[in-house]
Amino acid sequence: MTDMSGYLAAHIQERLAAEAYELGIRVDVRGGVVHLRGEVVSEERRRAVEEAAREAAEGREICNELHVVAVPEPEGEEQIS
């Protein structure tokens, strides 16, 4: 990873945190392509992360490798004492 690609990856991660509210997404920049890896809870979140990355990537290709994982509904009410 060159210094410029590292800088761009950090810039994109910062934008993902600020605009898509995602902190656990791995961003790698290789050969002018931005790779997004990690897990999100819905297809809508997957698209939102890609869009935020695209805006920050300054015209580079986006390779969205994010996986949507199911989050089960809680069983019953949570008792808080």
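Modeller: To start with a definition, a salt bridge is a side-chain nitrogen of Lys or Arg within 4 Å of a carboxyl oxygen of Asp or Glu. Bear in mind that this is a predicted model.

Colleague: Why is the contact between Arg 15 and Glu 19 called a salt bridge?

Modeller: The N to O distance between their side chains is 2.7 Å. The cut-off is 4 Å, so the pair qualifies. Arg 15 and Glu 19 are four residues apart in helix H1, and therefore about one helical turn separates them.

Colleague: What makes Arg 15 and Glu 19 buried, exposed or partly exposed?

Modeller: Arg 15 has a relative accessible area of 23%, and Glu 19 has 39%. Buried means under 20% and exposed means over 50%, so both residues count as partly exposed.

Colleague: What makes Glu 58 and Arg 60 a salt bridge, and which label does each residue get?

Modeller: The N to O distance is 3.6 Å, which is within 4 Å, so the pair is a salt bridge. Glu 58 has a relative accessible area of 58%; exposed means over 50%, so Glu 58 is exposed. Arg 60, at 28% relative accessibility, is partly exposed.

Colleague: How do you know that Glu 65 and Arg 37 form a salt bridge?

Modeller: Their closest N and O atoms are 2.9 Å apart, and the limit is 4 Å. This pair links distant parts of the chain, with Glu 65 in strand E3 and Arg 37 in strand E2, 28 residues apart. Glu 65 is partly exposed at 27% relative accessibility, and Arg 37 is partly exposed at 26%. Both residues also belong to a network of salt bridges with Arg 26 and Asp 28.

Colleague: Why are E1 and E3 said to stand at the edges?

Modeller: The three strands form an open sheet in the order E1-E2-E3, with mixed pairing. E1 and E3 each have a single partner strand, so one side of each is left without a neighbour in the sheet. E1 pairs with E2 in the antiparallel sense over five bridges; Asp 28, for instance, has His 35 in E2 as its bridge partner.

How values were computed
Residues numbered from 1 in each chain as written. Predicted model: local features only at pLDDT ≥ 70, side-chain atom pairs only at ≥ 80, totals over all residues. Heavy atoms only, no water. Pairing = 2+ DSSP bridges. Helix = DSSP H or I, 4+ residues; strand = E, 2+ residues; numbered from the N terminus. Buried < 20%, exposed > 50% of the residue type's maximum accessible area, 1.4 Å probe, protein only.
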